[in-house]
Amino acid sequence: MAHLALHLFGPFTAQLDGKEVTGFATDKARALLAYLAVESGRAHRRNALAGILWPALPQGRARQALRQTLSRVRRALEEHAHSPPLLLVDQDRIRLRTDGDVWLDVAAFEAFFSECDTHSHRAVGARRPCLLRLERAVALYRGDFLDQFFLADTAPFEEWAMLKRDRLRQQAMAAFEVLANHYERRADYVRAQHYAWRQIELEPWCEEAHRQLMRQFALTGKRSAAFAQYEVCRRTLAEMLDVAPSRATKRLDGRIRAGLPVGSQSSRSLPPAPTPFVGCLKELAELSDLLADPNSRLVTVVGPGGIGKTRLALQVAADHIGTAEDGVYAVPMADIGEVDTVVLVLSEVLGVMLVGRATPREQLLAHLRDKEMLLLMDNLEHLHDAHALLSDILRAAPRVILLATSRRRLNLREERVYHLGGMRYPEKGSAEFSQECHSAVAFFVQSAQRANRHFALGAQVLPDVVRICRLVEGSPLGIELAAAATDTHACADIAREIAISSDALATTLHNVDPRHRSLRASFEYSWGLLTEVERACLARLAVFHGGFDLSAAHQVAGASTRLLSRLSHASLLRADSEGRYSLHSLLHEYIAEKLDATPDAARVCLQHSRTYAAFLQEREGTLKSAAQIRALDEIGLEIENIRQAFRWAITQISERRAAQEAIGILDAGIESLHLFFLLRDWYQEGDMLFGELAAALEARPAYVMDVAAARRLLARALTRQARCCEFTVFTEKAHTLYQRSLAILRSLPESDQEIGLALSGLGYMAVIKGEYAQAEQLFDESLVLYRPVDDAWGTANVLSNLCLLLRHKGDFAGAENAGLESLTIRRATGDLRGIASSLNSLGLVECSLGSYAEAGRVFGESLEICRAMNYRAGISSALNGLCQAAFFQGDQAAAERYVQESLDLCRDIGDQWGVGVALNNMGCLALAQAAYGRARDCFLEGIQVYREFDITSGLANTTNNLGEAYYRVGQVDEAGGVLHEALAIAHASGNVPILLD
């Protein structure tokens with residue numbers, strides 16, 4: 001039986017049983033075979049074929065030519081030697097067989113697209129299996145359909161070929177575009193560029209492909225290549241279409257030249273995989289199908305603890321990087337106790353700056369509203385009220401897909417439940433076995449070889465390994481724990497002991513889910529193999545949350561490197577490449593029970609809190625120095641332990657014997673934690689945590705009521721809560737907290753620096769409310785307290801705020817002096833974020849003084865620092881400043897780029913103050929272009945933002961600008977009213993520049 005393979009993409013080629021067919025004699029013979037192959041779904045009448053290939057001949061001669069050509073095709077295909085024949089021919093009709101003996105690249109290409117179309121999904125680019133189909137399809141596209149194949153005097157055939165060629169090319173172009181964008185979001189730029197180049201090879205005038213290459217070059221640091229690609233695009237469009245590049249292409253070129261971010265590079269927030277991924281290919285495919293279904297907005301992977309839900313979900317999430325425009329994120333929930341904290345952690349992961357009067361949940365939902373992303377919410381079973389938050393997300397954000405893991409279903413209407421069982425193992429009585437089909441056994445071997453590199457799955461060992469896999473019901477965690485013992489115990493002994501433990505648990509643990517008994521039997525077996533010292537150490541390690549390092553393990557649990565190594569060797573601990581240890585969440589629960597059963601639990605928690613308070617205190621100076629970024633990263637890595645330590649200490653304030661030490665612990669760590677919250681823009685969490693501390697101190701029992709340390713800590717907590725509130729624009733709340741703190745501090749000795757911080761905060765509140773005279777007085781009082789004690793950090797903060805204030809008052813020389821002094825101090829200390837803040841303040845002063853080139857330089861330096869720190873609020877401020885500097889230097893295009901990026905960024909992170917500033921700048925640019933209606937709309941939106949958040953300091957300027965916009969559009973009466981309003985606001989606050997304007 002012959003096998004015919006036809007390749008019609010690119011040059012025509014035919015292969016019969018793997019050998020190229022060359023005996024067609026004429027192009028008409030090739031054309032006839034190509035037509036029959038492409039249109040093989042039906043039989044073709046001889047008259048129709050003759051008319052297509054010989055339209056100029058009389059019918060008789062045309063049919064004769066068809067007979068001769070058909071004979072050539074049959075000889076070339078050696079039809080006489082094959083049964084059944086490849087061509088089905090009768091007196092009137094001709095057809096090419098369509099069974100497995102004939103393969104056509106065009107048919108295979110179209111079949112891949114058809115498979116994608118028949119699946120129910122949001123878009124081809126949103127489903128990993130379909131993306132793989134697209135890759136297989138375009139791999140067949142060697143060139144255009146019947147490329148360079150032309151027949152003279154056969155207009156019907158040429159028209160058919162042209163239409164087919166165009167349709168297939170458009171399918172290929174669309175697939176190349178989808179794949180290029182997908183791999184760009186995955187940061188796989190080699191493949192992304194390959195698919196972009198394929199588009200340009202087919203259609204050199206394709207601007208979208210040129211932009212893809214420009215972005216990809218820029219994202220890999222090849223800016224010169226990006227500029228060259230723009231020139232290629234410009235020249236090609238001019239030569240082939242006599243047009244200039246579109247506005248989108250020009251804007252992208254401008255952004256690259258300005259060093260601004262480009263592209264839609266997908267954010268990744270996936271933790272490293274704790275174990276190698278083995279098996280579960282069927283589950284991966286099924287979950288991918290569920291996530292691609294437009295009717296599946298929430299997919300919950302449900303199964304008992306230790307069954308591999310997290311590992312499977314992480315692999316699914318990793319496979320989906322690039323399928324969602326705004327990224328794939330994973331949010332571990334195991335260490336989170338309250339839904340309110342879930343909102344904060346999710347906001348932190350997504351980079352949402354929670355500011356303004358709206359609740360954190362409202363701001364999170366607003367951020368997600370227009371996003372296309374996949375969120376993995378891992379270990380939700382203990383958060384009983386999480387369903388309301390998930391429902392809110394599903395309603396508010398129609399393009400956000402939720403993938404959850406839980407030991408039980410969430411019972412939501414939108415939920416699609418995927419039940420995950422254990423890894424596969426041979427059933428009892430089955431004689432068939434293969435590691436490919438039985439992933440549990442394959443995983444056992446892999447895990448055993450990590451513990452004992454000489455382990456081999458021989459015929460004698462196999463039955464015991466299979467028995468172990470059955471006893472733990474295919475649980476990956478149970479398998480891993482059992483396999484870890486193979487370096488010292490035989491598989492038969494391991495299986496026997498697990499079976500004994502499982503039988504005992506079945507009779508003693510009546511309140512344990514039967515599905516968990518087998519896994520707990522594995523835990524009990526592993527626990528029983530430990531020495532008393534190892535057990536005690538492992539139990540103490542249960543106090544950690546979010547992982548720990550060797551130093552913390554030694555201080556809290558008395559663990560040595562050797563001891564941790566033994567526990568890791570037993571698979572009871574997991575160590576990553578950075579030397580950080582962690583416990584599986586289910587194993588953590590089991591070990592925590594062991595800790596709670598010991599009289600040592602309270603002492604361990606106390607030592608844990610001491611350790612992380614000292615950890616914070618050690619970094620207090622670093623957070624104000626050139627090593628600021630490193631300190632932030634170190635604290636961020638330990639934030640779960642810090643939260644746990646801080647909250648535990650708060651609970652001890654009401655305990656007679658523990659209160660005094662708890663107060664000392666909290667006092668030691670409060671400043672660094674406060675700085676961390678501010679420098680990371682985690683204002684809402686700071687407000688919440690310091691508020692909890694203040695409430696606990698105010699409710700403390702009488703026996704600590706008069707302790708000066710408690711009152712001092714209360715004042716410090718109030719001040720730091722106020723600082724977090726001032727950044728969230730809760731001005732009245734912040735003002736009240738500062739006042740309460742100040743009243744306590746004035747009654748305590750040696751509190752000058754703390755008083756200075758409270759006064760500085762009150763001064764900033766006065767600036768926001770437009771009370772400039774009072775603000776200046778408060779700043780002066782604060783400086784009097786900071787300067788004598790050489791508090792560089794506090795002094796620089798006040799001077800930076802004073803710079804902003806004096807600029808509003810029109811004292812530009814004084815503002816410049818204050819800003820320069822602040823910058824000098826901060827450069828000396830190395831406070832990067834402070835340097836950026838001072839530069840932004842000075843840049844605004846330089847603009848006011850007309851030194852626009854210098855302002856551009858200052859803002860540019862600030863932008864570079866902020867980008868290096870990923871300080872996004874600072875980035876938006878610097879961009880707004882660069883907008884002003886570029887505008888006044890006549891570079892309208894650059895000003896528009898800067899302000900648009902600033903506005904997009906502010907809206908993305910929730911910086912409403914920055915939104916107001918950007919809208920004002922955008923309105924000014926529109927005024928300059930005589931787009932008065934657009935200017936008016938920008939000013940009105942900006943004023944609405946300022947009023948909503950009670951920000952007076954920017955209100956007068958924007959209101960004044962609105963008056964001009966009204967005047968320009970002919971709304972003279974409205975202009976007069978608005979200008980009077982601006983004058984009144986400026987007069988009340990003392991805003992001299994507006995009064996003079």
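The points below comment on the sheets, nonpolar cores and salt bridges of this predicted model.

1. The four-stranded sheet is open, with strands in the order E3-E2-E1-E7 and mixed pairing. Strands E3 (19–20) and E7 (102–104) each have a single partner strand and stand at the edges, so one side of each is left without a neighbour in the sheet. At the E3 end, strand E2 (residues 13–16) runs antiparallel to E3 and is joined to it by two bridges, and within this part of the sheet Gln15 stands opposite Glu20 in E3.

2. A further open sheet has three strands, ordered E4-E6-E5, and its pairing is antiparallel. Its edges are strand E4 (44–45) and strand E5 (87–89), each of which has a single partner strand, so one side of each lacks a neighbour in the sheet. The pairing of E4 with strand E6 (residues 93–96) is antiparallel and rests on two bridges; here Arg45 is found opposite Arg93 in E6.

3. Helix H1 (residues 27–38) touches E4, E5 and E6, and its direction makes about 75 degrees with that of E6. Helix H3 (residues 59–76) touches E5 and E6, its direction making about 145 degrees with that of E5.

4. The largest nonpolar core holds 137 residues, and the members that touch the most other members are Leu538, Leu541, Phe548, Leu673 and Leu693. Helix H28 (residues 659–679) gives the most to this core, contributing 12 residues. For Leu541, once neighbours within four places in sequence are set aside, the contacts are Phe548, Ala553, Ala557, Leu564, Leu567, Leu573 and Leu583. Another core, of 81 residues, lies apart from the largest one and includes Ala108, Ile200, Leu202 and Phe217.

5. The count of salt bridges in the model comes to 60, and one of them joins Glu534 to Arg566, with the closest N and O atoms 2.4 Å apart. This pair links distant parts of the chain, since Glu534 lies in helix H21 (residues 532–540) and Arg566 in helix H23 (residues 561–569), 32 residues apart. The two partners fall into separate accessibility classes: Glu534 has 7% relative accessibility and therefore counts as buried, whereas Arg566, at 35%, counts as partly exposed.

6. A second salt bridge that links distant parts of the chain is formed by the side chains of Glu754 and Arg720, at 2.9 Å from N to O; Glu754 belongs to helix H32 (residues 752–768) and Arg720 to helix H30 (residues 708–727), 34 residues apart. Glu754 is buried because its relative accessible area is 9%, under the 20% limit for that class, and Arg720 is likewise buried, at 1% relative accessibility. Both residues also take part in a network of salt bridges that links Lys624, Asp667, Glu671, Arg716, Arg720 and Glu754.

7. The salt bridge between the side chains of Arg603 and Asp600, at 2.8 Å from N to O, may be read alongside these pairs. Arg603 has a relative accessible area of 42% and is partly exposed, and Asp600, at 22% relative accessibility, also counts as partly exposed, because the buried class requires a value under 20%.

Methods:
Residues are numbered from 1 along each chain as its sequence is written. This is a predicted model: local features need pLDDT of at least 70, side-chain atom pairs count only at pLDDT 80 or more; totals for chains, interfaces and linings use all residues. Side-chain values use heavy atoms; hydrogens and water are left out. A salt bridge is a side-chain nitrogen of Lys or Arg within 4 Å of a carboxyl oxygen of Asp or Glu. Buried means under 20% relative accessible area, exposed over 50%, partly exposed in between (1.4 Å probe, protein chains only). Two strands pair if DSSP finds at least two bridges between them. Contact means heavy atoms within 4.5 Å. Axes are lines fitted to C-alpha atoms, for helices over the stretch in contact, and angles run from 0 to 180 degrees between N-to-C directions. A nonpolar core is a set of buried Ala, Val, Leu, Ile, Met, Phe, Trp, Tyr and Cys residues joined through side-chain atoms within 4.5 Å.
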